[in-house]
Amino acid sequence: MFRRQFLLTNRLIEATVNWKHSNLDFTERNLHLYSHPDLEINHVRLQDRLIVLIGYLIDPFDPALSNEDILNRMINVSDLNGLFKETENLSGRFAILYCDSKGIYMFHDATGFREIYYCFHQGEIFCGSTPDIINKYAHMELDTEQSIKEFINSREYRYSGFWVGIRTPYRNIFHLMPNFYLDLDKRTFQRYWPDKGRSEIKLEEGVDLMARILKGTMLCAAKRYYLHQSLTAGYDTRLLLAAVKDMKDQVKFFVNRTCTTTNQVADIKIPCKLAAKFKFDLEVVETENINVDRDFWNIFIKNNVFAREKHLKVFYRAYTKGYDHTHWVTGTFGSEILRIAFPFKKKRITCSDIAKRFCYNNYRYVVNSIEDWLKSTNEFYSETGYNLMNMFYWEQYTGTLHNLSGSEGDIVREEIRPFNCRKLITTYISLPDKYRYRDYPKGYLMIIKALWKEILDVPIAAYVDSPSYWFKKALRCLGMELVVDNFYNYCKSRIAYHGK
């Protein structure tokens with residue numbers, strides 16, 4: 001239960017056997033950190049400052065540095081804002097607890113990949129990996145608000161698995177969004193990014209920097225861990241393949257074949273072509289006929305109230321193969337943050353506009369949650385020049401749905417997402433939109449050419465010569481792409497739900 005999870009609380013509890021326990025008695029603030037033995041924990045203290053690292057850090061600009069090396073450098077910062085600046089260039093999957101004479105704070109990596117949930121109730125503090133590990137000790141009741149019950153039981157939510165807002169199915173347990181931090185003394189959360197306005201850059205300016213970040217991240221990861229890297233026909237994994245050109249013999253590549261795919265499908269066929277042409281090993285992972293052990297299923301579901309069965313066979317196969325010691329490299333966060341489906345041209349985006357994008361506009365809980373986010377965000381992002389819809393995908397969509405797969409996978413192994421670096425993200429989203437289009441991201445192509453241009457000899461799915469690309473481009477010119485895309489997603493969700 002709760003593998004690779006943590007719990008931070010001011011209450012002394014009886015933790016699970018074999019869990020690690022640290023008593024953080026600091027400037028009269030007594031906190032206890034409990035963590036599963038498979039979760040990396042490091043800490044460093046200097047005078048009136050304490051930093052606790054939950055998870056791992058990677059410095060792409062100095063790949064030889066360990067977690068301890070990076071922490072020893074970070075402890076020299078003078079305050080919390082300096083710490084935010086220090087983590088800007090870092091990759092990894094981490095939550096950081098920072099204490100000084102002014103307060104005690106907690107925040108996570110750029111995309112909130114190492115999730116933080118929290119509960120402030122009757123003088124007690126709980127911060128943890130999932131709502132469930134908090135609820136085991138906080139004993140909160142399920143939220144019976146009618147709007148939440150309607151959303152949880154809706155076919156749209158059951159199909160997509162995308163939970164909206166900072167609330168959870170438990171009363172008084174909330175989710176910390178990316179770009180925010182917790183002030184544990186004041187029992188509040190605050191935004192800390194963006195700290196300045198968006199400044200558009202030229203493509204050539206960003207390519208070298210982003211290529212260096214990706215290559216440095218993978219070089220460090222390959223030095224530390226045994227890597228399993230997923231490969232599909234798409235842009236995200238192709239870019240990550242380019243990043244490991246000089247260390248591909250140290251990586252085990254794989255592609256999952258589910259019951260809905262065959263060897264002729266692009267996601268199988270194209271990776272096989274790449275492996276044959278560029279001489280690296282590739283495993284086609286069969287998951288169709290796997291029967292998941294009932295005990296594994298039960299623990300998987302109880303680990304996280306949001307857990308889905310969608311990838312359960314993939315996780316179970318990794319478990320039976322003994323891949324616990326590996327780190328899974330994925331291209332998650334590329335699509336909705338770096339590559340945009342389309343820019344919203346409206347001057348004012350409403351909560352209904354966003355809800356309709358996910359077929360959620362009939363659910364009051366969702367509309368109200370988006371409205372709360374817009375109230376605190378709309379003017380702020382307008383002033384700083386960032387695309388509001390892009391930021392919603394960052395803070396809400398990828399910050400919950402995409403991070404859920406990482407939380408689910410913790411039952412088997414740790415994960416690395418090389419795009420999870422604030423410097424890389426902010427550099428890429430500073431490019432003009434025309435270089436970031438989902439079906440032809442020229443920014444990606446330029447980085448691939450800088451790292452390993454020969455792998456573009458094997459076509460990428462949905463490449464520029466694809467008929468679907470030209471059809472979408474025509475719709476975009478007519479101003480109809482968003483309408484058609486929303487209608488397509490609506491129909492897809494209905495067909496998937498009814499099994500037709």
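Visitor: Which residues is Asp410 in contact with, leaving aside its neighbours within four places in sequence?
Guide: This is a predicted model, in which local features need pLDDT of at least 70, side-chain atom pairs count only at pLDDT 80 or more, and totals for chains, interfaces and linings use all residues. Residues are numbered from 1 along each chain as its sequence is written, and side-chain values use heavy atoms, with hydrogens and water left out. Contact means heavy atoms within 4.5 Å. By that cut-off, Asp410 meets Arg3, Arg4, Arg93 and Arg114.

Visitor: Is Asp410 buried or exposed?
Guide: Asp410 sits in the loop between helix H14 (388-409) and strand S17 (414-416). Helices (H or I, at least four residues) and strands (E, at least two) are DSSP runs, numbered from the N terminus. Buried means under 20% relative accessible area, exposed over 50%, and partly exposed in between (1.4 Å probe, protein chains only). Asp410 has a relative accessible area of 5%, so the residue counts as buried.

Visitor: Where does Arg308 lie, and which residues does Arg308 contact beyond four places in sequence?
Guide: Arg308 is in the loop between helix H9 (294-303) and helix H10 (312-320). Its relative accessibility is 17%, so Arg308 counts as buried. Its contacts are Ser160, Gly161, Phe300, Leu401, Leu404, Ser405 and Glu408.

Visitor: Which backbone oxygen does the side chain of Thr326 reach?
Guide: Thr326 belongs to strand S16 (residues 326-329). At 0% relative accessibility, this threonine is buried. Not counting residues up to four places away in sequence, Thr326 touches Tyr226, His228, Arg413 and Glu414. At 2.7 Å, its side chain reaches the backbone oxygen of Tyr323.

Visitor: How many disulfides does the structure hold?
Guide: A disulfide is a covalent bond between the sulfur atoms of two cysteines. The cut-off here is a pair of cysteine sulfur atoms within 2.5 Å. The count for this structure is zero.

Visitor: Where is Val484 placed, and is Val484 buried or partly exposed?
Guide: Val484 has its place in helix H18 (residues 481-498). Its relative accessibility is 32%, so Val484 counts as partly exposed.

Conventions. Polar contact = N/O pair within 3.5 Å; in protein donor to acceptor, adjacent residues only side chain to side chain.
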